[in-house]
Protein chains: 4
Amino acid sequence: MASQTDRANTIGFIGLGAMGNHMLHNLVTRYTPPRDGGQTAYALFDVNEAAVDSVIKHHSIETPEVPLVKCSSPHDVAKHASIIISMVPTGKHWRDVYVGGDKSVLSALRTLSDTERSATLCMDESTIEQSVSKEVALELRSAGADLLDAPVSGGVVGAENGTLAIMVGGDKASFDRSVPVLQSMARKVTHCGDLGAGLAAKIANNLLLGITMLGLSEAMLLGKRLGVDPQVLADIINTSTGRCWSSEINHPVPEVKVGELSPPAHRGYRGGFVTKLAHKDLALAVKAAEHTGVPLSVGRCVEETYRPLAASKEFADRDFSVVYEALDALGSSAGNAKL
Amino acid sequence: MASQTDRANTIGFIGLGAMGNHMLHNLVTRYTPPRDGGQTAYALFDVNEAAVDSVIKHHSIETPEVPLVKCSSPHDVAKHASIIISMVPTGKHWRDVYVGGDKSVLSALRTLSDTERSATLCMDESTIEQSVSKEVALELRSAGADLLDAPVSGGVVGAENGTLAIMVGGDKASFDRSVPVLQSMARKVTHCGDLGAGLAAKIANNLLLGITMLGLSEAMLLGKRLGVDPQVLADIINTSTGRCWSSEINHPVPEVKVGELSPPAHRGYRGGFVTKLAHKDLALAVKAAEHTGVPLSVGRCVEETYRPLAASKEFADRDFSVVYEALDALGSSAGNAKL
Amino acid sequence: MASQTDRANTIGFIGLGAMGNHMLHNLVTRYTPPRDGGQTAYALFDVNEAAVDSVIKHHSIETPEVPLVKCSSPHDVAKHASIIISMVPTGKHWRDVYVGGDKSVLSALRTLSDTERSATLCMDESTIEQSVSKEVALELRSAGADLLDAPVSGGVVGAENGTLAIMVGGDKASFDRSVPVLQSMARKVTHCGDLGAGLAAKIANNLLLGITMLGLSEAMLLGKRLGVDPQVLADIINTSTGRCWSSEINHPVPEVKVGELSPPAHRGYRGGFVTKLAHKDLALAVKAAEHTGVPLSVGRCVEETYRPLAASKEFADRDFSVVYEALDALGSSAGNAKL
Amino acid sequence: MASQTDRANTIGFIGLGAMGNHMLHNLVTRYTPPRDGGQTAYALFDVNEAAVDSVIKHHSIETPEVPLVKCSSPHDVAKHASIIISMVPTGKHWRDVYVGGDKSVLSALRTLSDTERSATLCMDESTIEQSVSKEVALELRSAGADLLDAPVSGGVVGAENGTLAIMVGGDKASFDRSVPVLQSMARKVTHCGDLGAGLAAKIANNLLLGITMLGLSEAMLLGKRLGVDPQVLADIINTSTGRCWSSEINHPVPEVKVGELSPPAHRGYRGGFVTKLAHKDLALAVKAAEHTGVPLSVGRCVEETYRPLAASKEFADRDFSVVYEALDALGSSAGNAKL
């Protein structure tokens with residue numbers, strides 16, 4: 001097992017999927033510790049053991065000087081590392097990682113010294129329910145450690161390029177300590193407020209993203225049916241008050257071109273921010289609105305439109321701009337039904 | 001009555017309200033005829049006679065060299081002028097202006113020569129139902145004249161500064177003839193396609209505008225209740241995928257600052273694009289979607305939210321971003337109801 | 001004289017000119033102290049006594065509950081107030097305010113207790129030479145107080161609307177203390193780094209602003225002479241790689257329209273960011289580049305072009321986009337000279 | 001040889017280099033003739049015969065139904081095709097293609113019927129000297145054909161994605177005829193005015209692009225030397241008046257991240273808009289300014305800075321943002337020289 005000094009210089013990483021894989025790579029190749037305390041080591045865990053093996057093999061060639069240790073559980077990671085990053089795609093087993101029994105981070109904290117516990121800072125980059133995240137953070141605090149919610153935006157492309165935007169909620173001193181670590185993967189790291197504020201910002205932004213995408217799809221479809229050429233309409237919207245990120249960067253109409261780069265709509269909606277993940281965030285927003293009594297009629301309507309797409313083989317794994325295609329099909333059949 | 005030569009050099013203007021007043025002013029002071037055919041004259045009509053008198057008095061001082069003639073009806077305008085511009089705020093009596101009996105433009109056309117009729121081009125800058133506009137345009141075509149739908153965006157500020165965006169539907173040759181006239185009031189004049197395409201573009205853009213404003217309001221309210229500072233959230237959205245015209249220029253949350261200029265939210269939502277006009281455009285979109293079988297679930301939801309506000313003394317004449325205030329109040333009472 | 005408690009709750013303001021006047025107004029009406037320590041008072045000084053009287057008279061009606069005290073010198077301000085804001089348009093007498101003899105802030109610090117001295121935080125919002133600002137800050141530190149450089153951008157409009165951007169250099173703890181104060185006048189308060197970093201950011205941004213404005217003017221003039229319509233060229237640039245703030249918001253060519261609002265070019269270049277102030281910032285950039293050995297060939301060329309304009313009655317007090325008019329005149333005479 | 005009917009349905013393409021290659025591919029796969037006149041054929045020429053062979057081989061698999069004919073000269077192309085597109089990287093042999101002897105387009109026109117000649121429309125997408133282009137266009141007009149200058153922006157990425165912006169100068173009727181052809185390769189096709197106006201717009205935009213890139217580099221370098229963190233400065237500029245396309249999309253400072261995508265600066269300035277081509281456009285601007293008596297002091301200064309880089313092995317083939325690296329090196333050595 002790692003000595004105390006080693007633990008101070010070790011960063012744990014839990015979750016090496018499509019996103020985590022790239023994030024770890026940027027961490028290993030770009031992170032510089034604030035004070036020179038020797039070589040940083042990394043303690044890795046994923047439920048899929050092969051993912052860890054593959055990462056370790058890759059780095060043994062690219063960065064042979066950096067120690068990468070394979071761990072058997074979140075508990076094991078927390079024994080090795082004073083800073084722990086987690087990136088878990090879905091919230092289902094998320095509690096288990098931190099507070100769920102003898103393989104959890106919490107169980108490891110209980111075996112450590114007071115000094116080690118208070119030196120432990122967890123940064124969770126997953127997008128999960130705010131209430132669950134806050135509850136777990138408070139449990140870890142009771143055990144002497146701390147947790148920041150630090151969800152990311154930018155998708156797989158941003159993870160690969162190290163240009164994610166990271167929204168952080170939690171204690172200000174913990175945030176200050178997290179910045180050099182998170183900055184190695186990001187173009188922007190923002191302190192949004194107390195525990196849960198990072199998740200709140202992420203969910204609010206993605207709620208608005210879903211609304212503008214579906215709204216744009218409806219507006220484009222209506223304009224087209226009323227006789228405007230889609231390219232002309234897209235150009236008008238983009239120099240007028242309807243413009244939004246989706247209209248400028250990720251236009252959902254296949255025949256429209258709005259920049260030098262081709263959006264997913266130009267390639268059958270492959271790639272991008274997939275529908276099932278977009279819907280996951282919308283569902284989190286709707287649930288949070290219910291808890292807090294926020295009226296969310298538009299948000300709820302958008303979530304309901306995306307729900308069947310997220311459950312459908314045809315749409316779930318394509319970019320969320322595919323909602324335009326779904327809507328167009330719906331409109332056509334409705335139109336036919338009228339005849 | 002005007003001679004044929006005079007008629008060729010005369011532009012008629014029907015509707016001198018809050019918008020039309022400024023548009024006429026820019027027309028008179030900035031318009032240059034494509035070929036030099038002598039001084040352009042203007043034939044003016046408004047149901048409110050005093051508005052015409054006031055405009056004529058003002059210009060007798062500012063531009064004494066320009067002939068401005070007061071007309072007694074749209075019929076009278078069409079006798080004097082070969083180009084006719086109309087800017088009528090609501091669609092109610094709109095048909096009357098063009099095809100409604102012996103005071104209409106159509107009735108005047110019937111008294112004119114073939115040459116005069118075919119030289120007559122109407123440009124309607126009002127925002128009305130597309131189906132009505134197309135129907136009237138076809139009637140005028142039967143009588144040998146032509147009509148373009150040419151709705152504007154930019155509001156009273158754009159009308160005053162001559163920086164409107166004008167979206168034009170109709171015959172290409174007629175459009176080419178309209179450009180120098182419309183350009184005197186606009187920063188951008190776009191040919192959107194055949195008859196009705198101008199209205200289609202305007203309605204589609206404003207539908208999206210309403211959706212993004214309400215969506216932004218929901219997202220801001222949710223984020224705030226979940227503990228993010230509104231300014232922090234606004235800054236995150238504006239450098240992320242949620243950004244839209246409303247978040248960048250016309251932010252609805254009073255405590256948020258997003259540019260050098262204060263949006264209506266900073267002054268009790270006074271001024272701007274008033275709720276009753278915003279709702280009018282949403283209602284046009286919903287109606288058009290019904291006619292064409294376009295699924296518009298988000299659009300319909302937004303129209304329903306704005307409908308009671310547009311009918312309320314408290315909200316109707318304030319900027320449409322006031323929906324945030326309404327939503328916040330609703331959320332608070334709902335929240336209280338839970339206690 | 002003020003008691004120690006009073007001093008803790010008093011903010012001093014030095015310089016009530018075109019900018020400072022509005023900034024103080026926003027401070028008085030919007031500032032909320034972080035911890036409730038009773039009513040905040042304000043101690044005011046300007047070399048122009050009438051400016052102070054006028055502000056005090058105005059606020060005796062608008063905010064009668066807020067104590068505003070007229071001071072006889074910066075020394076007097078520092079006796080009354082623990083937080084001192086200065087906004088002095090030119091750097092000429094700037095040193096005098098802080099360290100120049102028995103009327104200065106420094107002379108007052110020497111009469112105060114250790115506790116009072118260490119509680120004293122100065123925020124200078126002027127745009128002056130970085131080396132001078134740093135030197136003075138170090139002198140104040142030696143006396144136990146602290147100073148932040150906190151220059152603003154946004155002009156008189158931003159000052160009036162409370163939507164300035166403030167760039168701050170200095171100690172992080174001092175910055176944290178300044179935020180609630182500065183936020184009352186600003187849409188954005190950014191910590192740029194150590195002493196001088198605020199001025200560095202301001203000067204670098206305004207250097208680039210001057211370069212893009214003159215570059216845009218040259219490009220527009222060249223395009224026009226080569227036969228492109230200026231509006232067409234402006235629209236192309238704004239949807240292409242040449243776009244910049246000047247082309248999108250403050251276009252220098254009078255016949256071009258690029259948004260709903262009219263830029264200064266539409267009204268004879270009245271208002272806006274006046275040429276003499278724009279040149280002042282360019283001169284600061286050139287001087288700083290000389291000190292630090294930064295090659296600044298473009299910046300120097302722009303400064304040289306603006307220098308005679310800033311010294312000319314015709315141009316000095318008009319918006320800096322007037323450089324287009326000057327260039328156009330130059331081009332015409334050069335063109336003629338060739339004949 | 002082709003029959004007259006075939007010639008009407010054939011499009012010629014001269015220049016299948018890095019850009020032309022992709023442009024032809026989009027033309028072949030996306031172009032739809034306005035009226036159904038049978039299958040469109042393509043007549044191809046490049047000085048590099050292997051390039052033509054490779055294109056024909058590729059398309060014999062991807063689009064076997066489309067006839068692609070290999071031609072032996074521009075003359076041969078003009079015999080086969082009524083529409084001729086040229087995309088020639090440098091202007092050196094450009095005149096030869098159109099008017100230079102018995103292998104030129106002009107020599108072929110002389111062998112054709114009046115009807116065939118007047119049906120011939122050339123679209124030159126190269127970026128060359130405006131005066132040369134206009135002169136050649138007039139020669140072709142004398143021979144009964146027409147030429148449009150139609151330079152593109154968007155680079156190899158835009159050519160590949162079919163999202164170029166094309167700026168067109170020339171006769172309006174010829175422009176209308178060119179739109180469906182050019183649209184197959186572009187996101188935007190704009191009529192800029194008479195002969196030469198397309199080149200004027202392209203050159204003016206790229207002049208401004210060069211100026212903003214070098215200006216941004218100077219501003220970043222100055223700010224950095226004065227103590228601001230480059231990322232902080234980049235973020236300030238991008239929410240302030242210094243923002244421009246280069247600061248938002250193609251930032252030249254390697255340690256700065258400004259979007260989800262990595263600019264060339266992140267990969268050693270590989271790819272992008274290479275320095276030698278950027279300098280070529282700047283040199284065209286300076287030359288045109290001399291001809292027309294336009295004062296271009298900033299533009300000339302930028303051209304002079306890029307000139308040695310465009311001639312250097314180290315810089316010529318890297319993205320033009322590499323000027324930051326060159327400047328930084330210069331600054332360091334100058335700084336050292338001072339010691």
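Predicted model: local features only at pLDDT ≥ 70, side-chain atom pairs only at ≥ 80, totals over all residues.

Biologist: Let us begin with the annotated active site. Where does UniProt place the feature "active site"?

Modeller: The UniProt record, an unreviewed entry, places it at A:Lys202. This residue lies in helix H11 (residues 197-225) of chain A.

Biologist: Which residues are in contact with A:Lys202, apart from its neighbours within four places in sequence?

Modeller: They are A:Thr127, A:Pro151, A:Val152, A:Met167 and A:Asp281.

Biologist: Which domain does UniProt list for residues 196-326 of chain A?

Modeller: The unreviewed entry gives "domain: 3-hydroxyisobutyrate dehydrogenase-like NAD-binding" for that span. In the model, residues 196-326 of chain A are 60% helix and 0% strand, and the end C-alpha atoms lie 34 Å apart.

Biologist: What is known of A:Ser153, and how do you know whether it is buried or exposed?

Modeller: A:Ser153 is found in strand E7 (residues 152-153) of chain A. Its relative accessible area is 11%, so A:Ser153 is buried. Leaving aside neighbours within four places in sequence, A:Ser153 is in contact with A:Leu164, A:Ala165 and A:Met167, and with B:Ser240 of chain B.

Biologist: What makes B:Ala8 buried or exposed?

Modeller: A residue is called exposed over 50% relative accessible area. B:Ala8 reaches 54%, and so it counts as exposed. B:Ala8 is found in helix H1 (residues 4-8) of chain B.

Biologist: How do you know whether D:Leu327 is buried or exposed?

Modeller: With a relative accessible area of 5%, under the 20% limit, D:Leu327 is therefore buried. Its place is in helix H16 (residues 323-338) of chain D. Not counting residues up to four places away in sequence, D:Leu327 touches D:Leu214, D:Ser217, D:Glu218 and D:Leu221, together with C:Pro295 of chain C. D:Leu327 and D:Leu214 are 113 residues apart in sequence, yet their C-alpha atoms are 9.0 Å apart.

Biologist: I turn to charged pairs. How many salt bridges does the structure hold over all chains?

Modeller: It holds 56.

Biologist: Why is the pair of D:Lys287 and D:Glu129 called a salt bridge?

Modeller: The term requires a side-chain nitrogen of Lys or Arg within 4 Å of a carboxyl oxygen of Asp or Glu. The closest N and O atoms of D:Lys287 and D:Glu129 are 3.1 Å apart, so the pair qualifies. The pair links distant parts of the chain, 158 residues apart: D:Lys287 is in helix H14 (residues 275-292) of chain D, and D:Glu129 is in the loop between strand E5 (121-124) and helix H8 (130-142). D:Lys287 counts as partly exposed at 38% relative accessibility, as does D:Glu129 at 23%.

Biologist: What makes D:Asp146 and D:Arg141 a salt bridge?

Modeller: Their N to O distance is 3.0 Å, which is within 4 Å, and the pair therefore meets the definition. D:Asp146 is buried at 10% relative accessibility, whereas D:Arg141 is partly exposed at 35%.

Biologist: Why can D:Lys224 and D:Glu255 be said to tie parts of the chain together?

Modeller: Their side chains meet in a salt bridge of 2.9 Å, N to O. D:Lys224 lies in helix H11 (residues 197-225) of chain D and D:Glu255 in the loop between helix H13 (245-248) and H14, so the pair ties together parts 31 residues apart in sequence.

Biologist: Finally, how do helices H14 and H15 of chain B pack?

Modeller: Helix H14 (residues 275-292) and helix H15 (residues 297-310) of chain B pack at an angle of about 145°, with their axes 9 Å apart. The crossing of H14(B) and H15(B) is left-handed. By class, their contact has seven nonpolar, three polar and four charged residues.

Terms used
Residues numbered from 1 in each chain as written. Chains lettered and ligands numbered in written order. Heavy atoms only, no water. Axes fitted to C-alpha atoms, helices over the stretch in contact; angles between N-to-C directions. Helix = DSSP H or I, 4+ residues; strand = E, 2+ residues; numbered from the N terminus. Left-handed = near helix turned anticlockwise from the far one by under 90°. Nonpolar A, V, L, I, M, F, W, Y, C, P; charged D, E, K, R; others polar. Buried < 20%, exposed > 50% of the residue type's maximum accessible area, 1.4 Å probe, protein only. UniProt positions renumbered as here; feature names shortened; annotations may be inferred. Contact = heavy atoms within 4.5 Å.
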